[in-house]
Amino acid sequence: MSEDHASFMPHYQIPKARLLRAEMHMRDVRFREFTSLIRSAAKEHLNCWLKPEDQDPDDLQRFMRMIHQRQPNLSEEYEDSWPVMAYLEIYLLYRIRKAAYLKRRFGRCRQRFNRCPDPIWFRYAHASETGAPFERNCQATVKPKKPTKPAHHKENEIIKMVYPRNRVSVVVKKLRKESNMIPISHRSARNADNEVDANPSNSCSSVPSHARMPVPSCNNPVFDFLSSARPTLAQFHSHFVDMGFTDDNAFKAFFSWPVDVQESMARTELGRSMNPLQLHGLLVAMRAWREKSTT
């Protein structure tokens with residue numbers, strides 16, 4: 001449709017400015033001039049923090065008069081100058097939503113606005129012809145907010161989810177019992193040896209002392225592997241037991257998988273329990289263990 005013919009009012013909503021320009025069949029340069037005129041006239045005659053239906057009728061009359069004085073051909077090209085009210089609604093709602101967002105600073109949701117079944121240009125034209133009040137013919141429904149727990153309850157839930165209390169398995173409890181049965185003289189001698197032995201066959205002497213940590217048996221390949229990591233990961237032995245590393249066969253089966261599958265499982269299962277330093281230390285220890293097993 002060319003700009004020389006009159007454009008009738010559409011019977012559907014136009015929520016965006018780009019859709020309005022396509023409906024008006026107006027060139028980009030002229031559309032920018034048109035929107036700039038509406039914004040300047042609205043700032044001069046209207047309250048930009050209110051919806052079009054809440055504006056003073058006299059202010060709306062002065063606003064429309066200014067638009068027709070600047071662009072007299074607008075009423076001839078478009079029926080009842082309907083693009084003026086269409087863009088005015090888009091502009092004012094944008095300012096209202098932006099102000100509400102800045103008031104809440106970093107709000108999670110913006111204020112809901114339900115558009116009326118009849119477009120705003122229809123309602124304004126009807127009010128101008130009949131003298132009826134220019135108002136909305138629908139009412140937005142506000143859903144009540146669900147009660148939320150206090151902040152300290154949410155923190156407790158996160159702690160329970162990441163670090164559950166029942167993390168210690170039955171195997172770790174048995175290892176603790178075995179460590180309590182060791183004589184005190186043997187414990188002091190074992191704690192005194194803090195240096196790592198270069199001989200891999202003597203794995204018991206290479207295990208460093210850890211406070212409040214169980215001392216598993218010497219033929220535990222999982223504990224030997226965790227102790228060889230830097231920083232040591234012996235405190236995560238219970239995590240590996242819960243993942244299924246209960247014997248030597250499961251440990252060898254894990255290292256027979258492809259490298260990307262091993263690292264993906266480690267990141268998925270232990271990403272929340274380990275810090276970045278411990279997680280990368282585990283990946284380095286896995287690569288060193290694979291090279292050691294292949295040689």
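How many cavities of 30 Å³ or more does the count come to? In this predicted model, the count comes to 3 cavities of that size. The second largest cavity has a volume of about 40 Å³. Its lining is made up of Phe 240, Met 243, Phe 245, Phe 254, Gln 262, Met 265, Ala 266, Leu 270, Leu 282 and Met 286. Two or more of these residues come from each of α11 (237-243), α13 (259-270) and α14 (276-294), and α13 gives the most, with 4 residues. By class, the lining holds 9 nonpolar residues, 1 polar residue and no charged ones.

Aromatic rings deserve a look next. The model has 11 aromatic pairs. Phe 31 and Phe 34 form a tilted pair, because their ring centres are 6.2 Å apart and their planes meet at 40°. Both belong to helix α2 (residues 28-45), where being 3 residues apart separates them by about one helical turn. Phe 31 is buried at 7% relative accessible area, and Phe 34 is buried at 0%. Tyr 78 and Trp 82 make an edge-to-face pair, with 6.2 Å between centres and 90° between planes; Tyr 78 is buried at 3% relative accessibility and Trp 82 at 0%.

One aromatic cluster brings together Phe 225, Phe 240, Phe 245, Phe 254, Phe 255, Trp 257 and Trp 289. Over the ring of Trp 289 sits the charged end of Lys 292, 5.2 Å from the ring centre. Arg 95 lies over the face of Trp 49, at 4.6 Å from the ring centre.

In helix α6 (residues 120-130), the buried residues are Ile 120, Trp 121, Arg 123, Tyr 124, Ala 125 and Ala 127. Their cover includes α3 (57-70) and α5 (82-104). Just after α6, Gly 131 takes a positive phi of about 80°.

Note on methods
Residues are numbered from 1 along each chain as its sequence is written. This is a predicted model: local features need pLDDT of at least 70, side-chain atom pairs count only at pLDDT 80 or more; totals for chains, interfaces and linings use all residues. Side-chain values use heavy atoms; hydrogens and water are left out. On a 1 Å grid over the protein atoms alone, a cavity is a set of points where a 1.4 Å probe fits but cannot get out, and a pocket is an open set with protein on both sides within 12 Å along at least five of seven lines; lining residues have an atom within 4 Å of a point. Grid points are joined across faces, edges and corners, and a volume is the space filled by probe spheres set on the points. Ala, Val, Leu, Ile, Met, Phe, Trp, Tyr, Cys and Pro count as nonpolar, Asp, Glu, Lys and Arg as charged, and the others, Gly among them, as polar. Buried means under 20% relative accessible area, exposed over 50%, partly exposed in between (1.4 Å probe, protein chains only). Contact means heavy atoms within 4.5 Å. Rings of Phe, Tyr and Trp (its six-membered ring) pair if their centres lie within 6.5 Å; planes under 30 degrees apart count as stacked, over 60 as edge-to-face and the rest as tilted. A charge sits over a ring if NZ of Lys or CZ of Arg is within 6 Å of the ring centre and within 35 degrees of the ring normal.
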